[in-house]
Every structure is written in structure tokens, then in C-alpha cells.
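Here's a quick briefing on the fold, the sheet, one of the helices and the ligand site. Have a look at the structure first, then work through the topics below.

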Amino acid sequence: MFCAEGRGNREVLRLILPPAETDTSILSNVVTIVGNRQRVSYTAHAVQIVNSTLARAGVAVEVLHGADLNLAFPGDPVTSDAKRLEETVAEADAVILATPEYHGTYSAFLKLVIESLGYPSALQGKPVAMLGVAGGRLGATKSLEQLRNTCAHTGALVLPGAVSIAHAKDAFDTEGHCTDGAVHAALEGLAGSLLDFLHTFVQPRHVLENMIAAGIDVPWKPERS
Ligand SMILES: Cc1cc2nc3c(=O)[nH]c(=O)nc-3n(C[C@H](O)[C@H](O)[C@H](O)COP(=O)(O)O)c2cc1C
């Protein structure tokens, strides 16, 4: 993104970044929102795989589970959970939205989550990755298509490669371990795509901001801080 060679910039980077052996992805934080209310679900099991892949790469991951969120419909008094949700999303580098498929669409609870993120939305300009979990053989493609539309409408940067899981009960055992290698690989792939995006587009901005904050002369300054 910006030059690490010449003008001593490599030395400058060494001052700001963690040691070379440390994964610089610690410069990113991701919030995952589980879009159903029951604590134990296939959606939550799937999220676990994505999040542990991200965590192994050094990303700070926060999970906001539907079971813990008391949200009100628009027009009713805003709850403290809604404020926390909006603040957390606003501060995140990226968001993962996970939903069960209900009647050919994403969960009503996840819609309420999105409605609780303000208008304009805290999702505006935010990279969003998504996954959907369905009981049927068609998977959650319809849910994801509609979720993609809603998120795009808020101004989110919807990342390609959403993961749809079909026949959820066949993909996980009773303890929630994924027993389907292809599903497992797809969920790790979702995390990998998000990591690529963060490495390419988000972390360089953080490094640049750190340089500016440290008073180091940089070849370019963002118009907005
Ligand atoms: C109200 C309701 C509607 C559902 N609609 C669909 C559907 O349209 N297509 C489908 O494949 N599965 C449907 N299912 C099954 C769920 O997608 C399935 O139970 C899935 O495991 C839900 O994910 P969860 O375990 O994270 O709750 C529905 C389940 C419920 C409770």
C-alpha cells in the first residue's frame, strides 16, 4: 500500500509494528454476530470454526450472540444492548453475519440486529462476510442473497464467497463438531478470504494511522482521520 523500501520506511515500520515473527493481523478486530436466539445451534457451531481460524491468525474476534442481545423494534426505546451492538460494529474492522435459514430467508432476529445498527447504519463502509445454515438440501442460498441485498443497501462492503450449509444436522455431530470435510474447508475458506481482505485493505491503513499518530512523516495522508 505504501512504500516500505527506501527513505528508511522499513526501519520506521519496525518501530511501529510488532516483531517480524508476530502476525500483523493482530492489527484487526472482527465482530461476529450470531443471528439466532438459542444458545446452542448449528449456526453457532459453524461460527466457531470461522472464528477459531481467525483467532489462530491473530485477529481479535468478538462474538455477539443473539441469546445475549435484548433488542427493541424501531420506534421503541433503544436498549443498552442495542447501543453496545452499534458501538461494537462501528469500531470493528469487519463484521461476520451468521444466520439460520427460516422460510427461505435470513432470521427475523438478524433483521432486527441490522435495524438496531442505526440509520445511516454502522455497517456503512464495513467489510461484511456472511454464512447461512439450513436444514434443507438447498442450503441457505436464498437467505444469503437477501442478506447480501440488505447489507449492500446499508452501504456495507459485502465480501464475495458467502458460505451456505445445507443439511445442517448431517454436517455436525451431537457435540457440535463439524463432521463434513467440505463444510469445514468452506468455513475456514471464509475466514481466509476475510484475512486476505484485512491484510490487503485494512491493516495498511492502521499502520499508516499509527505512523501519523507517532508524528512520522508519511508520503500520503488520508483526507479523513
Ligand atoms: C421457523 C423455521 C423455518 C425454517 N425454514 C427453513 C427453510 O426455509 N429452509 C430450510 O432449509 N430449513 C428451514 N428451517 C430449518 C432450519 O434452517 C434448520 O433447523 C437450521 O438448522 C437452523 O439453524 P440453527 O440450528 O442455527 O438454528 C426452518 C426452521 C424453522 C424453525
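Two strands are said to pair if DSSP finds at least two bridges between them. With that in mind, note that β5 is joined to strand β6 (residues 157–158) by 2 bridges, and the two run parallel. Keep in mind that this is a predicted model.

**Overall layout**

- The protein has 7 helices and 7 strands.
- Going along the sequence, the order of elements reads α-β-α-β-α-β-β-α-β-α-β-β-α-α.
- As for burial, 37% of the 225 residues of the protein count as buried.
- Among contacts with a separation of 6 or more, 77% link residues 24 or more positions apart.

**Strand β1 and its neighbours**

- β1 covers residues 29–34, and it's mostly covered, with 5 of its 6 residues buried.
- On one pairing, β1 meets strand β2 (residues 60–65) in the parallel sense, over 6 bridges.
- In that pairing, Asn 29 sits opposite Ala 60 in β2.
- To get from β1 to β2 the chain goes through helix α2 (residues 42–56), and this β-α-β crossover is right-handed.
- β1 also runs parallel to strand β3 (residues 94–102), and 5 bridges join them.
- Here you'll find Val 31 opposite Val 95 in β3.

- On the β6 pairing, Val 128 stands opposite Val 158.
- β5 is joined to strand β7 (residues 163–165) as well, by 3 bridges, and these two run parallel.
- Val 133 is the residue that stands opposite Ile 165 in β7.

**Helix α4**

- Helix α4 runs over residues 108–115, and its buried residues are Leu 110, Val 113 and Ile 114.
- Why do the buried residues of α4 line one face of the helix? Seen down the axis of α4, they fall within an arc of 95 degrees, so they line one face.
- As background, an α-helix has 3.6 residues a turn, so residues three or four places apart point the same way.
- What do the buried residues of α4 pack against? They pack against β1, α3 (80–91), β3, β4 (105–106) and α5 (141–154).

**Ligand site**

- There are 14 residues around the ligand, and those that come nearest are Ser 41, Thr 43, Pro 100, Gly 135 and Gly 136.
- α2 and β3 each supply at least two residues of the shell.
- β3 gives the largest share of that shell, with 3 residues.
- By type, the shell around the ligand splits into 6 nonpolar, 7 polar and 1 charged.

Methods:
Residues numbered from 1 in each chain as written. Predicted model: local features only at pLDDT ≥ 70, side-chain atom pairs only at ≥ 80, totals over all residues. Buried ≥ 20, exposed ≤ 12 C-beta atoms within 10 Å, placed from the backbone. Helix = DSSP H or I, 4+ residues; strand = E, 2+ residues; numbered from the N terminus. Right-handed = clockwise from strand over helix to strand, strands pointing away. Contact = placed C-beta atoms within 7 Å. Near = placed C-beta within 6 Å. Nonpolar A, V, L, I, M, F, W, Y, C, P; charged D, E, K, R; others polar. Arc of directions from axis to C-beta.
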